Amino acid sequence: MKADKKFVIDYAKEYFGTEPEYLWARTPDAGVLRQSKNKKWYGIVMNIPKSKLGIKEDGNVDILDVKCDPQLLGSFLMKKGCFPAYHMNKKHWLTVLLDGSVSQEDIIMFINQSYDLISNVK
């Protein structure tokens, strides 16, 4: 199964009870994944121009931004389909393509790590 936007949303709902929040009129398909108790974001799914990530192709791509341990960020950025965070703090967030280039297992790992990072924050 391809780890696409639907997969991410379904996973967040099943494992964390999270429904995406669509906060912006200008980007109605951009959904924030927020921890229910402390209201901290652990993910954002959106569709952006590939050029925003430095990809030299026309068109848009679905992405997932996740919170990331700064000590692990460098190694994750070496993985195919992973980029410095789009529109978020590049020291604490990672952008992951949702076009099939990142495995379902890695997407799950990224989501789980992000959720864990923000779960103890008040």
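Is Lys39 buried, partly exposed or exposed? Lys39 is partly exposed, because its relative accessible area is 48%, a value between the 20% and 50% cut-offs. Please keep in mind throughout that this is a predicted model.

The phi angle of Lys39 is near 65 degrees, a positive value in a residue other than glycine.

With a relative accessible area of 62%, His87 is exposed.

## Where H1 meets H3

Now turn to the helices. Helix H1 spans residues 5–16 and helix H3 spans residues 104–119; their axes come within 11 Å and cross at roughly 50 degrees. H1 and H3 are therefore oblique to each other. The crossing of H1 past H3 is right-handed.

Which residues of H1 and H3 meet? From H1 come Phe7, Val8, Tyr11 and Phe16, and from H3 come Gln104, Ile107, Ile108, Ile111, Asn112 and Tyr115. By class, the residues of this contact divide into eight nonpolar, two polar and no charged.

## Salt bridges

Side chains of opposite charge can pair when their charged atoms come close. How many salt bridges does the structure hold? There are five, and a few of them are described here.

One of them joins Glu19 to Lys13, with the closest N and O atoms 3.1 Å apart. Glu19 is partly exposed, at a relative accessible area of 45%. Lys13 likewise counts as partly exposed, at 48% relative accessibility. Another salt bridge links Glu21 with Arg34, where the closest N and O atoms are 2.9 Å apart. Glu21 lies in strand S1 (residues 21–22) and Arg34 in strand S2 (residues 31–34), so this pair ties together parts that are 13 residues apart in sequence. Glu21 counts as partly exposed, with 27% relative accessibility.

Lys79 and Asp106 also meet through their side chains in a salt bridge, at 3.1 Å from N to O. Why does this pair tie together parts that are 27 residues apart in sequence? Lys79 lies in the loop between helix H2 (70–77) and strand S5 (82–84), whereas Asp106 lies in helix H3, so the bridge spans that separation. Lys79 is partly exposed, with a relative accessible area of 32%.

Trp93 lies in strand S6. Is Trp93 buried or exposed? Trp93 is buried, because its relative accessible area is 7%, and buried means under 20%.

Leaving aside residues up to four places away in sequence, Trp93 touches Trp41, Tyr42, Gly43, Asp65, Val66, Lys67, Cys68, Leu73, Ala85 and Met88. For another distance to check in your viewer, the C-alpha atoms of Trp93 and Phe76 are separated by 11 Å, and the two residues are 17 residues apart along the chain.

## Asp29 between S1 and S2

The last stop is Asp29, which lies in the loop between S1 and S2. Asp29 is partly exposed, with a relative accessible area of 33%.

What does Asp29 touch, not counting residues up to four places away in sequence? The contacts of Asp29 are Lys5, Tyr22, Val45, Met46 and Asn47. Asp29 and Asn47 are 18 residues apart along the chain, and their C-alpha atoms are separated by 7.3 Å.

How values were computed: Residues numbered from 1 in each chain as written. Predicted model: local features only at pLDDT ≥ 70, side-chain atom pairs only at ≥ 80, totals over all residues. Heavy atoms only, no water. Axes fitted to C-alpha atoms, helices over the stretch in contact; angles between N-to-C directions. Helix = DSSP H or I, 4+ residues; strand = E, 2+ residues; numbered from the N terminus. Parallel < 35°, antiparallel > 145°, perpendicular 65-115°, else oblique. Left-handed = near helix turned anticlockwise from the far one by under 90°. Contact = heavy atoms within 4.5 Å. Nonpolar A, V, L, I, M, F, W, Y, C, P; charged D, E, K, R; others polar. Salt bridge = Lys/Arg side-chain N within 4 Å of Asp/Glu carboxyl O. Buried < 20%, exposed > 50% of the residue type's maximum accessible area, 1.4 Å probe, protein only.
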